[in-house]
Amino acid sequence: MSFIDPEIFFTIHADLPREGPGETADVAWAAEIAGITSRAQILDAACGPGGDIGALLRVAARGHVTAIDKHPGFIEAATARWGKDDRVTLLTGDYLAPEGPFDFIWCAGAVYFVGIEAALTGWRAALMEGGAIAFSEPVFFIDTPSDAAKAYWGEEYQPKTLDGITAQIEAAGYEMIAHKPVSDIAWESYYRPLEDRISRLRRGADETMIAALDEHLAEIEGWRANKAETGYMLCVVRPV
Ligand SMILES: C[S@@+](CC[C@H](N)C(=O)[O-])C[C@H]1O[C@@H](n2cnc3c(N)ncnc32)[C@H](O)[C@@H]1O
């Protein structure tokens, strides 16, 4: 997506249930593979509006979730949902500087802002002995993606294949324990509410807003058209 004025971006995204693909079943899958217990201390790194906090609390009902995001508006939205639950701490800040230690670090759709090596290296000191990290990362499922699949991500960023992701995990001193493509349900859980928002905002929108709404719609259609070639890979990793 090209640059969109932040005010317009946050008008479109205000109070959406989540800010990227994700679903409860994926959190449960990753937590089970990581061996997370019901008393686990969990970091939801770049939690957005808190769409995964409920799923994380399901796997750690007697544990604690620290959810951090750099955008105060998302933390406000997450606080409206989870602020009264004393198993949850919500923080505005940088996800690379959490006060641990944690048994499990969950990061849906946000490692790519800094890159796998920087994120995994940055989190190592905050991870308890035996702890694990799960993150979803943009990926090309095939070695030679089409121009349309490349265009979905735009000119400034292109994902790697699974081999490239694995190499970066290993370069950071971790091993991949398991991986699976993020499901279509997870993508639709993000895109369907966004689609509804786009339709609603179109009524009475000015030219600038219409251009931003069209870009968002093109992104949704781009994923649906190219999902066989590209998406997110959910990776569960542990320090070696
Ligand atoms: C694609 S959204 C995913 C949000 C959430 N995990 C979800 O799935 O709904 C990426 C999030 O990363 C956050 N973010 C990006 N860089 C960050 C940083 N350095 N520290 C904390 N949050 C960051 C953004 O504010 C945004 O909420």
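Around the ligand lie 17 residues, of which Arg18, Glu19, Ala46, Asp69 and Tyr95 come nearest; a residue is counted here if one of its heavy atoms lies within 4 Å of the molecule. The model is predicted, so that local features need pLDDT of at least 70 and side-chain atom pairs count only at pLDDT 80 or more, whereas totals for chains, interfaces and linings use all residues. Residues are numbered from 1 along each chain as its sequence is written, and side-chain values use heavy atoms, with hydrogens and water left out.

A polar side-chain atom of aspartate 69 lies 2.6 Å from an oxygen atom of the ligand. Backbone N or O atoms are involved at two further positions, with lysine 70 at 3.1 Å from a ligand nitrogen atom and tyrosine 95 at 2.9 Å from a ligand nitrogen atom. The ligand taken alone exposes 590 Å², and the protein buries 90% of that; accessible areas come from the Shrake-Rupley method with a 1.4 Å probe, and for residues only the protein chains shown count as cover.

Alanine 46, one of the residues that come nearest to the ligand, is located in the loop between β1 (41-45) and α3 (53-59). Helices (H or I, at least four residues) and strands (E, at least two) are DSSP runs numbered from the N terminus. Phi of alanine 46 is near 65 degrees, a positive value in a residue other than glycine. With a relative accessible area of 21%, alanine 46 is partly exposed, where buried means under 20%, exposed over 50% and partly exposed in between (1.4 Å probe, protein chains only). Aspartate 15, in the loop between α1 and α2 (24-34), likewise has a positive phi, of about 60 degrees, although it is not a glycine. Aspartate 15 counts as exposed because its relative accessibility is 64%. A cis peptide bond, with omega of about 0 degrees, joins glycine 100 and proline 101, and proline 101 is placed in the loop between β3 (88-92) and β4.

Histidine 13 belongs to helix α1 (residues 6-13) and is buried, with a relative accessible area of 3%. Apart from neighbours within four places in sequence, histidine 13 is in contact (heavy atoms within 4.5 Å) with Glu19, Tyr190, Leu194, Arg197 and His216. Valine 111, in the loop between β4 (102-107) and α5 (116-123), is buried at 1% relative accessible area. With sequence neighbours up to four places away left aside, the contacts of valine 111 are Tyr95, Ile116, Ala119, Trp123, Phe135 and Glu137.

Aromatic pairs were assigned to rings of Phe, Tyr and Trp (its six-membered ring) whose centres lie within 6.5 Å, with planes under 30 degrees apart counted as stacked, over 60 as edge-to-face and the rest as tilted. By this rule the count comes to 14 aromatic pairs. Phenylalanine 9 and phenylalanine 10 form an edge-to-face pair, at 5.1 Å centre to centre and 85 degrees between the planes. One aromatic cluster is formed by Tyr112, Phe113, Tyr152, Trp153, Tyr157, Trp187, Tyr190, Tyr191, Trp223 and Tyr232. A charge is taken to sit over a ring if NZ of Lys or CZ of Arg is within 6 Å of the ring centre and within 35 degrees of the ring normal. The charged end of arginine 124 sits over the ring of tyrosine 174, 5.6 Å from its centre, and that of lysine 180 over the ring of tryptophan 29, 5.4 Å from its centre.

Conventions:
Polar contact = N/O pair within 3.5 Å; in protein donor to acceptor, adjacent residues only side chain to side chain.
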